[in-house]
Amino acid sequence: MKDLMLNMLIIILPIFVYQTFWIDKASSPMVSSSNRTAISILAAVAALCCMLFPVHPHPGYVFDLRLVPLLMGILYGGFRASLLIISAVYLYSWQIGGIGFVIVALTYPAAIIASFLLAARFKLWERRRKLAAASLLSFLSALLVNTVVVLTLDEPFFINPHLPVFAAYVILHGITMWIAVYLIENMREKAALRFEIQQAEKLRIMGQLAASIAHEVRNPMTVVRGFLQLLQSDQIPSDKRQMFLKLGIEELDRSESIISNYLAFARPQSTRIEAVDAAERVEHAAGIISSYATLRNVEINTLTTPGLFIEADPEQLSQVLMNLIKNGIEAMQQGGVLTITVAAANDGTARIEVADTGVGMTPDETSRLGNPFFSTKQDGTGLGIMVTYQIIHSMNGKIHVESEKGSGTRFIITLPRKSDLLAGRK
């Protein structure tokens, strides 16, 4: 019994190996050619290991459970992959030699042919039918082999003292096959279910994203349409006409910004890493948005270190800074001070900090930053901060948030630093 249980363990163990290294990492529930090759290799190894630890119920005869992985490999691995298992079993049986090889040569072809005929329909059946068919196939194949073995012995058939052992051995083939197929089908069903859940989640996210984009773009389009209708009238004064045109252009620019953020999230552009003067980028972004800050009664202070070069994409870094500065300004509804600091760190990186004195965020809100559709602003889409996180990670950087409700927020960006010499050569 100890040797038989060892054979069962040898057969079951590769199933868990297959789950760990193939099924759990598969991007599709369908069995690929690489998976079939893995099945055939694992089944061949299991069959050979069973033959290494056989049972000797009668002198000159070697018994093991090699039939189970052999039949499993044919049913799940396909025709080409099965040739490896069949070749391995026959070659090793020939190496062992004796009457056992003759019995294998006479009886195994019938089991192999039956397995190939069954394999075409086997993959289409439900689990219960697979369990019954595979177990019956294993049982009948072992019965055929053991019947030939009993007939070759020099003892009467019905009063053979080894007959109970042979009968238990045949039943064990069916039981082992049932356990193996049950485990495999259970793993495959879970893998298929996980894949369906992932696909459903992707569709759900895309649906929410499309609905959010449609909602956000519809608002400025409605405003632009209203302005165009007003401009059709000849009664509009010239100053009002210019104001309506300006507002319409601003709304179109807002729509373009929303679409650009969506495209940056859905299809990120390749990052062009080069040596960038961090202070220059910060001063540039602060200068562009200074008029917007003045309108909202916000003062921007920059504390930079000249000549501090970092490894980044200059255009994408400007986009990140603009997003963070704009968010910081909008967080200070009653005005305030926005401080941007650039300094070198001791670990070979550079730190860019954007700190505001606005409304701040709770720990739960900061933990959700960067997730799709999350924004602390009533009219926000969450796309800007999501793209910011994505850009920083694509440049091998890190972003950290420190915030307290009512006391402001600090975004800390860490990016790899370049030496002044390398930056000059760049």
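Because the model is predicted, local features are given only at pLDDT of at least 70 and side-chain atom pairs only at pLDDT 80 or more, while totals for chains, interfaces and linings use all residues. Residues are numbered from 1 along each chain as its sequence is written, and side-chain values use heavy atoms, with hydrogens and water left out.

Start with helix α3, which covers residues 67-96. Helices (H or I, at least four residues) and strands (E, at least two) are DSSP runs, numbered from the N terminus. The expected span of a helix is 1.5 Å times one less than its number of residues. Where does α3 bend? The bend is at G78, and it amounts to about 140 degrees. Here a bend is the angle between axes fitted to the seven residues ending at a residue and the seven starting there. Just after α3 comes G97, with a positive phi of about 75 degrees.

A pair of aromatic rings is described by the distance of the centres and the angle of the planes. Rings of Phe, Tyr and Trp (its six-membered ring) pair if their centres lie within 6.5 Å; planes under 30 degrees apart count as stacked, over 60 as edge-to-face and the rest as tilted. The structure holds three aromatic pairs. In one of them, the ring centres of Y76 and F122 are 5.4 Å apart and the planes stand at 90 degrees, so the pair is edge-to-face.

Ring pairs join Y76, F122 and W125 into a cluster.

Another pair sits in helix α6 (residues 163-231), where W178 and Y182 are four residues apart and therefore separated by about one helical turn. The centres of the W178 and Y182 rings are 5.3 Å apart and their planes are at 5 degrees, so this pair is stacked. W178 is partly exposed at 41% relative accessibility, and Y182 is partly exposed at 33%.

Next, look at S138 in helix α5 (residues 127-152). With 1% relative accessibility, S138 is buried. Its side chain reaches the backbone oxygen of H173 at 3.1 Å. Contact means heavy atoms within 4.5 Å. Leaving aside neighbours within four places in sequence, S138 is in contact with V68, L71, H173, G174 and M177.

Charged side chains come next. Side chains of opposite charge can pair when their charged atoms come close. A salt bridge is a side-chain nitrogen of Lys or Arg within 4 Å of a carboxyl oxygen of Asp or Glu. How many salt bridges does the structure hold? There are eight. One of them joins E280 and R281, whose closest N and O atoms are 3.1 Å apart. E280 is partly exposed at 38%, whereas R281 is buried at 12%.

R351, E353 and R410 are linked in a network of salt bridges. R351 meets E353 at 2.7 Å, N to O, and R410 meets E353 at 2.8 Å, N to O. The second pair links distant parts of the chain: R410 is in strand β7 (residues 408-418) and E353 in strand β5 (residues 349-355), 57 residues apart. E353 is buried, with a relative accessible area of 14%. R351 is partly exposed at 32%, and R410 is partly exposed at 34%.

Finally, consider two loop residues. N297 lies between α9 (290-295) and β2 (298-303), and its phi is positive, near 60 degrees, although N297 is a residue other than glycine. N297 is exposed, at 57% relative accessible area. N396 lies in the loop between α12 (383-394) and β6 (398-404). N396 is not a glycine either, yet it has a positive phi of about 60 degrees. With a relative accessible area of 63%, N396 is exposed.

Note on methods:
Buried < 20%, exposed > 50% of the residue type's maximum accessible area, 1.4 Å probe, protein only. Polar contact = N/O pair within 3.5 Å; in protein donor to acceptor, adjacent residues only side chain to side chain.
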